[in-house]
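Work through the exercises below with the sequence and the model open. Each task is followed by a stepwise solution.

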Amino acid sequence: MSNNDRGVTIWLTGLSGAGKSTITEHLVPMLKARGKKVEVLDGDVVRTNLSKGLGFSKEDRDTNIRRIGFVCNLLTRNGVVAIAAAISPYKAVRQEVREMIGDFVEVYVKASLETCIQRDVKGLYKKALAGEIKQFTGVSDPYEPPENPEVICDTERETPQESAAKIVAYLKKAGYLETNAGTEENFIETEKTENVYLEQELP
Ligand SMILES: Nc1ncnc2c1ncn2[C@@H]1O[C@H](COP(=O)(O)OP(=O)(O)OP(=O)(O)O)[C@@H](O)[C@H]1O
Ligand SMILES: [Mg+2]
């Protein structure tokens with residue numbers, strides 16, 4: 001099987017407002033341009049259909065993640081790049097879906113709580129801090145950051161494009177994408193992204 005036929009799950013985890021959906025928007029066209037089939041399971045969308053009716057208790061959050069993981073597994077074994085973009089605050093259930101799927105790239109979308117509060121993309125932090133929303137991750141519910149993610153996207157220091165490029169560089173290195181991209185434009189981009197990736201590897 002050529003690298004381009006390999007499926008993989010890219011699992012983005014991070015606080016609300018850290019940048020999971022934004023990075024996904026940039027990542028999808030980059031992967032499609034490389035001939036991959038791509039499917040996105042975004043937390044917000046999933047909660048309106050696949051996980052409709054689930055709440056935010058630990059049990060319901062874990063059920064939500066298991067469902068997303070189940071679909072990602074089906075896609076991955078059929079050669080698709082499945083991108084999960086959900087907060088997924090609990091380490092243990094992330095580990096569980098990692099083990100089930102195997103071809104699994106965990107991306108820590110990293111931004112401090114202060115930054116996410118400042119961004120307050122959806123206005124939810126304001127409500128959570130005012131006590132109007134219970135069990136809000138980072139404010140009144142836990143977030144357990146990954147210990148050994150394959151990629152860290154520090155969205156306080158990178159642009160969304162750089163963050164997405166870092167993931168692409170990792171996928172190439174791990175053998176999920178062809179490296180001989182061909183055109184001059186791609187060559188320049190490859191060089192750039194690999195530099196970004198090397199920087200990330202430094203201690
Ligand atoms: N490097 C970056 N990557 C992603 N987003 C960034 C970056 N730098 C700044 N941002 C900004 O941060 C915000 C991230 O919001 P986004 O909706 O993507 O978060 P999210 O992680 O999907 O949150 P939620 O869990 O609530 O869906 C956007 O306003 C985006 O423009
Ligand atoms: Mg989102």
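Two strands count as paired if DSSP finds at least two bridges between them. The model is predicted.

**Exercise 1.** Find how many bridges join β2 and β3, and state the sense of the pairing.

*Solution.* Take β3 at residues 80-85. Six bridges link β2 to this strand, in the parallel sense. Check one of them: Leu41 has Ala84 in β3 as its bridge partner.

**Exercise 2.** Give the strand order of the sheet and identify its edges.

*Solution.* The order reads β2-β3-β1-β4-β5. These five strands make an open sheet with parallel pairing. Now look at the ends. β2 (37-42) and β5 (151-154) each have a single partner strand, so one side of each lacks a neighbour in the sheet.

**Exercise 3.** Describe the shell around ligand 1.

*Solution.* Count first: 22 residues surround the ligand. The closest are Ser16, Gly19, Lys20, Ser21 and Thr22. Sort by type: seven are nonpolar, ten polar and five charged. Then sort by element. α1, α2 (43-46) and α7 (160-173) supply at least two residues each. The largest share, four residues, comes from α1.

Conventions: Residues are numbered from 1 along each chain as its sequence is written. Chains are lettered from A and ligands numbered from 1 in the order in which they are written. This is a predicted model: local features need pLDDT of at least 70, side-chain atom pairs count only at pLDDT 80 or more; totals for chains, interfaces and linings use all residues. A residue is near a molecule or strand if its C-beta atom, placed from the backbone, lies within 6 Å of it. Ala, Val, Leu, Ile, Met, Phe, Trp, Tyr, Cys and Pro count as nonpolar, Asp, Glu, Lys and Arg as charged, and the others, Gly among them, as polar.
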